[in-house]
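Welcome, and thanks for taking a look at this one with me. Below are some numbered notes to read alongside the structure.

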Amino acid sequence: MRLIDVYLELQKRLTEHLRAVLQTKYDLQIEVIPLEIPPDLRFGELATPIAFELARKLRKAPKIIAQEIVAALGHLDGFSSFEVAGAGYINARLDRAAGVRLAAGSEGGSPSAQGSPELTRGHALVEHSSINPNKAAHIGHLRNAILGDTFVRLLRAAGYKVDVQNYIDNTGVQVADVVVGFLHLEGRSLADIRQLLGELKRSGVRIDYYCWDLYARTSQWYASGSPEENEARKRFRYATMHEIERGCNETAEVAELISTSVLRRHLETMLRLDIEYDFLPRESEILHLNFWALAFEQLKQTGVLYFENEGKNKGCWVMTRPAAGTQPIQEDDGPKGTDEDAKVIVRSNGTVTYVGKDIAYHLWKFGLLGRDFGYKPFFTYPSHECWISAEHGDEPHPHFGGAQAIYNVIDARQSDPQANVIQALRGMGHTAQADHYTHFSYEMVALTPRCAVELGYDVSEEDLARPYIEVSGRKGFGVKADDLIDKLIAATRAEVDARQTGRDEGERQRIAEQIAIGALRYFMLKFTRNSVIAFDFKDALSFEGETGPYIQYAVVRARNIFRKAGTTPDAVLDEFAGIDPAAYLEGEANEDIWALWLRAGRRSLVLEQCISTSEPAHLAKHGFQLAQEFNNFYHKHHILTEEDPTRKIFLLATVAVALRELIVVLSWLGIESPEAM
RNA sequence: GCGCCCGUAGCUCAGCUGGAUAGAGCGUCUGGCUACGAACCAGAAGGCCGGGAGUUCGAAUCUCUCCGGGCGCACCA
């Protein structure tokens, strides 16, 4: 199955043709020929400013060069004409009928249908979500998971084999804190906690919600006593963390019980958004399987780590930070000044830091560590199993890791440690891997002060003056993911109930959920990654304008046309293959229809752009623009009452292609296309 | 102090490797449901793209500088 994208295909043809012309006419070999989509159709469908670039080299006016090139271009399949415009642009006009046939015949297909061998580009690993399993997921985690999941869909659509990982820090200070809360603040034993979990389940209380409050309470408790008391509490905190890290004791068992229960809740929450994982690697196994010991040897051997004898880091194993220089540390280069800025990887007490463990984990991701996790099944999705790491796993099991390219969906605040890990890989000589290590960074989701007040939080004068306030799990400040989803579904349900009076309860609920999820996913994807989202219910609960439901509504309209017409998109496209559409594509009155076909033919181009820039927002924008042009077309041309039977087929084919494209784009965004709404 | 990100219409944001009159949504005002569903469409108003300098045929986009806002710079994770 071959995917033909009108723009990609015609761009390729034009580029090659231009290159050949430049070669024969001027004896020039130009590698990259800039091509752009003109701002307006009256400039044609493709354009190049190449004549401007050549002006200096050829010592001629751009306009003259453009005229010479146009004269030499002659005829090219798929194009109707080339012309000079402005001070030296070369504008290309497409053969519209040919372009439309190309677009109509391109394969739609679901993302999974495109994984044919010739499209397989390699093995990618995407890590996203990675929520500390000690509290409920909040809107910040939603942005992470939705970005990550969408990018997974894009990679798969482009032909990559993708493993989805959700890294679980089940031994860190955050889990320790909630364990302290259970054991110390609430004074519960392991048996008590087991009983509590049962009670919560029976009474329908979400355990992650329970932990949300307890975690905030515990965090406060550390700072609410006398200085001596606080000191003792902190000691208790670190003792708890060490017991959890060591394992094989009751505290560790409590941590395991709590973190696993909360983790299951996170998977359930994400499943509501159609987000699934393949593997859950846990910190506890990275520790107990001694990943670090292997990494440490490699780091020492390659000279990335060196032992510091002087200064503030005396007694530590450290590495040079990326900013300080890209050369690996050389031995025997005489007395050198102590690098006070070096990053400590192994502390003077012999324990390893977060970055050190992360280096080991990333060596594993690329298959460079020489050791693997054990694997156990953990969570069953309708279509596949999600595995979790284990010290002693089950056999047989799938193999994870050993990827060629990795994407870490982690917020922008962690760019320094991420850069450290990349630097270490590069220093160890794994340059190809370092080049294919992408920190897929994104800015946080914060609350507008108004939203914070609305939720009943105490907001300081200082915070009220800010444009936005950072959410904080530690303070229990934020909007929980499930609360937001519940609220969205309630809002869409009210709309659906008002409109779909003929449908039963179950159907209406299903539609409401599809719309709610569409609204939420689109909301998180419409912003580019490095824009902070100042969250407000007013915007998130909007179903009009540039939103997911707007695009879904276009789909419903298109489907209704086929329903009323008593035909199907496939049947129409078959008929369409037998007619000549040229007459319906020319002239002012049909300009918008041609624009819609052009937009529909841009999907793969946009996909490639999204992948090369790691930016799903481009596809979100494309989906909206496509829906907008479709709505425009829908309003202006009445299809079912069209009297010219050939033109009616043409119009129906236009709807068929728009519908196909809308559905595919939405599916790549992880958004379903409802039958009605 | 060092590093990264941001500053575009009243508000929230797009703007592809520099390119043709700077776009969208929301909000405001006006108009359109007896035509395929109005969760829609059409129109209007609204901008020295934070300021300044530079690079060039050409800058919202690249460089420098200043101003304003955010986030990082642990032997925490």
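1. A quick definition first: two strands count as paired if DSSP finds at least two bridges between them. With that in hand, look at Phe79, which stands opposite Leu94 in β3. Please keep in mind throughout that this is a predicted model.

2. Strand β3 covers residues 89-94 and pairs with β2 in the antiparallel sense, over six bridges.

3. Now step back to the whole sheet. In what order do the three strands of this open sheet come? The order is β1-β3-β2, and the pairing is antiparallel. Strands β1 (46-48) and β2 (79-85) stand at the edges; each has a single partner strand, so one side of each is left without a neighbour in the sheet. From one strand to the next, the twist averages 20 degrees.

4. A helix joins the picture here. Helix α1, made of residues 6-26, packs on this sheet and touches β1, β2 and β3. The direction of α1 makes about 35 degrees with that of β1.

5. There is another open sheet of three strands to find, with the order β7-β8-β9 and antiparallel pairing. Which strands stand at its edges? They are β7 (306-307) and β9 (343-346), each with a single partner strand, so one side of each is left without a neighbour in the sheet.

6. Within that sheet, strand β8 (residues 317-319) pairs with β9 in the antiparallel sense over three bridges.

7. Next, a stop in a helix. Ala232 is found in helix α9, which spans residues 227-246. Why does Ala232 count as partly exposed? Its relative accessibility is 35%, and the partly exposed class lies between under 20% for buried and over 50% for exposed.

8. Finally, a stop in a loop. Where does Ala582 lie? You will find Ala582 in the loop between α22 (569-576) and α23 (591-600). Ala582 has a relative accessible area of 30% and is partly exposed. Ala582 and Thr260 are 322 residues apart in sequence, with 62 Å between them in space, C-alpha to C-alpha.

Methods
Residues are numbered from 1 along each chain as its sequence is written. Chains are lettered from A and ligands numbered from 1 in the order in which they are written. This is a predicted model: local features need pLDDT of at least 70, side-chain atom pairs count only at pLDDT 80 or more; totals for chains, interfaces and linings use all residues. Side-chain values use heavy atoms; hydrogens and water are left out. Helices (H or I, at least four residues) and strands (E, at least two) are DSSP runs, numbered from the N terminus. Buried means under 20% relative accessible area, exposed over 50%, partly exposed in between (1.4 Å probe, protein chains only). Axes are lines fitted to C-alpha atoms, for helices over the stretch in contact, and angles run from 0 to 180 degrees between N-to-C directions. Contact means heavy atoms within 4.5 Å.
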